[in-house]
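Colleague: I have not seen this structure before. Could you take me through it in questions and answers?

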Amino acid sequence: VKMPTSNKKSSPNSAANQCAICLSNIEPKKRSVISTCLHEFCFSCIKKWSKENAVCPLCKQNFTEILSNIRSDADYDVYKITITNQTGYRRYNRSKILFIFY
Ligand SMILES: [Zn+2]
Ligand SMILES: [Zn+2]
C-alpha cells in the first residue's frame, strides 16, 4: 500500500478522505466530488443522499452534479441530480407502498 506521506499541507482536516455519510474511508475507485463545493464522498453514498436532499451533507450547499470515476483533473464522469418529488418520498415512508411517483 502506497501512502502519500509527503503530503504536508497544514490542513486541519486530517480526515479528508473520509465519507461524511458512511464515515468510512472513501475507496479511490468510489471517490466522487460535489461539483459546487468539492467535498468528497463515496459515489454510492452521495448518490443515495442526493435522492432525498440535493444539498451537501457537510456545507449544506445545493448541488446538481456529482463528479465520479475521477481519473484525473480533466477526466471524470458527471452524474446529474434529478430532483425527485419530496412528497413522493414521504408517502413512501408512511405507506410502505413501493414506487409512488406522484
Ligand atoms: Zn460513504
Ligand atoms: Zn460541501
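Colleague: Why does Phe 43 count as buried?

Modeller: This is a predicted model, and Phe 43 lies in helix H1. A residue is buried if 20 or more other C-beta atoms lie within 10 Å of its own. Phe 43 counts as buried because the number of other C-beta atoms within 10 Å is 22.

Colleague: Leaving aside its neighbours within four places in sequence, with which residues is Phe 43 in contact?

Modeller: One of them is Ser 68, which is 25 residues from Phe 43 along the chain. The C-alpha atoms of Phe 43 and Ser 68 are separated by 6.6 Å. With neighbours within four places left aside, the contacts of Phe 43 are Lys 30, Ser 32, Ile 66 and Ser 68.

Colleague: Which residues make up the largest nonpolar core?

Modeller: Nonpolar side chains tend to be buried together in soluble globular proteins. Here the largest nonpolar core has nine residues in all. They are Cys 19, Ile 26, Ile 34, Phe 41, Cys 42, Phe 43, Ile 46, Cys 56 and Ile 66.

Colleague: Which elements give two or more residues to this core?

Modeller: The secondary structure comes to two helices and four strands. From the N terminus on, these elements run β-β-α-β-β-α. Those that give two or more residues to the core are E2 and H1.

Colleague: With which residues is Cys 19 in contact, leaving aside its neighbours within four places in sequence?

Modeller: Cys 19 is a member of the largest nonpolar core. Among its contacts are Ile 26, Phe 41 and Cys 42, which are also listed in that core.

Colleague: What is the order of the four strands in the open sheet?

Modeller: Strands E1 and E2 run antiparallel and are joined by three bridges. E1 also pairs with E3 in the antiparallel sense, over two bridges, and five bridges join E3 to E4. The edge strands, each pairing on one side only, are E2 (40-42) and E4 (75-80). The order is therefore E2-E1-E3-E4.

Colleague: In E4, which residue stands opposite Leu 67?

Modeller: Leu 67 in E3 is the bridge partner of Val 33. E3 and E4 form a hairpin with two residues between them. In E4, the residue opposite Leu 67 is Val 78.

Colleague: How many of the residues score a pLDDT of at least 70?

Modeller: Over residues 7-15 the pLDDT is below 50, and beyond near neighbours in sequence this stretch has one contact in the model. Residues 88-102 are also below 50, with ten such contacts. The protein averages a pLDDT of 78, and the share scoring at least 70 is 65%.

Colleague: What share of the residues count as buried?

Modeller: The protein has 102 residues. Among contacts between residues at least 6 apart in sequence, 31% join residues at least 24 apart. The share of residues that count as buried is 12%.

Notes. Residues are numbered from 1 along each chain as its sequence is written. Chains are lettered from A and ligands numbered from 1 in the order in which they are written. This is a predicted model: local features need pLDDT of at least 70, side-chain atom pairs count only at pLDDT 80 or more; totals for chains, interfaces and linings use all residues. A nonpolar core is a set of buried Ala, Val, Leu, Ile, Met, Phe, Trp, Tyr and Cys residues joined through C-beta atoms within 7 Å. Two residues are in contact if their C-beta atoms, placed from the backbone, lie within 7 Å. pLDDT is the predictor's confidence in each residue, from 0 to 100.
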